[in-house]
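The stops below are meant to be selected in order.

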Amino acid sequence: MSRKTLRIGTRASQLALWQANWVKSCLEQRYPDLEVTLTKIKTQGDRILDVPLAMVGGKGLFVKEIEEAMLRDEVDIAVHSMKDVPTVFPEGLALRCITEREDPRDILVLRPGVATWRELPQGARIGTSSLRRKSQMLHERPDLHMLDIRGNVETRLRKLTEEDLDGVVLASAGMKRLGFAARISEYLAPEVMLPAIGQGALGLESRVDDAEINALIDFFNHSETAYAVTAERALLRHLEGGCQVPIAAYGTVSGDQVRLTGLVASVDGRQFLKKTLSGPVAEAQALGVSLAEDLLVMGADKILNEVYQHETFNRDREDV
């Protein structure tokens, strides 16, 4: 190995730094002579904290600035939460590895005395910035009052008390990685709350032509997770959705088969399309496209057009 240093680009949030430091630790264990450094980069999604993500709009809210740093050769790789990664990459960059998935489920942290969200009183106040989570919760409980909350995991947990909420919805993976598993009140099974595309997995992005770097990081790729997430992302790309729209998909691999469930819903949960397909792992991408086509035939395009045209949603705004 001729390379002596490797520079990781990462967001500066507590969770992003945990993820980048985990990658750093794995690299240092595998290559004791390699010096690995972190470069903290503030993204558009980090700068705008007082506006719901759906109103900010644009794809790549949490990755664009890191990708630009990579193209300027200021960092060698980027570590992303897969659910934040757009399905199209700038020329010269590509997703090289997808790590083994942590628990992909969403979770609820509820106010003391409540064991499950189904026990919450009529009109209970639930905090989340995700249209995907809102639509699925409202589909089950249309009486709930969903409120937009932004910020890192600790901030959202604090808002449970500060804003007198009955509960907040978060990703299990982030809670576990940051040591907050004891705060989890309830895990939401995928049958109840279908996860975000790629939720729980990390993605390592790199320059396509940097053969030495790519060879160094290839060991991170987890084939089963990669097949599942490839199918999920193919569905998202075919539906032309971003990470802030009410689209969900979750793939699982058993042997040489991948099972994919996809969802498109209106923000209020009243229109709700869901379907499952299975196929060979070697055809994971085609499976995602096929499921997306089925959802479009079922009326997904009409639902998504209504979401994009809503006054609180900005599909392409990137100059906020």
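The tour of this predicted model goes from a sheet to the helices on it and then to the nonpolar cores.

Select strand 11 (247–254), strand 13 (272–280) and strand 12 (residues 257–265). These 3 strands make an open sheet with antiparallel pairing, in the order 11-12-13. Strands 11 and 13 are the edges; each has a single partner strand, so one side of each has no neighbour in the sheet. From one strand to the next, the twist averages 15°.

**The pairing of strands 11 and 12.** Here 8 bridges join the two antiparallel strands. Pick Val253 and look across to strand 12: the residue opposite is Val258.

**The largest nonpolar core.** Show side chains for Leu235, Leu239, Ile247, Leu260, Val264 and Leu295, which touch the most other members of this 24-residue core. Two or more residues come from each of helix 9 (223–238), strand 11, strand 12, helix 10 and helix 11. Helix 10 gives the most, with 5 residues.

**Val264.** Centre on Val264 and list its contacts beyond four places in sequence: among them are Leu239, Ile247, Phe272, Leu295, Ile303 and Leu304.

**The second core.** Finally, select Leu27, Val79, Cys97 and Leu216, which belong to a separate core of 18 residues.

Methods: Residues numbered from 1 in each chain as written. Predicted model: local features only at pLDDT ≥ 70, side-chain atom pairs only at ≥ 80, totals over all residues. Heavy atoms only, no water. Pairing = 2+ DSSP bridges. Helix = DSSP H or I, 4+ residues; strand = E, 2+ residues; numbered from the N terminus. Axes fitted to C-alpha atoms, helices over the stretch in contact; angles between N-to-C directions. Core = buried A, V, L, I, M, F, W, Y, C linked by side-chain atoms within 4.5 Å. Buried < 20%, exposed > 50% of the residue type's maximum accessible area, 1.4 Å probe, protein only. Contact = heavy atoms within 4.5 Å.
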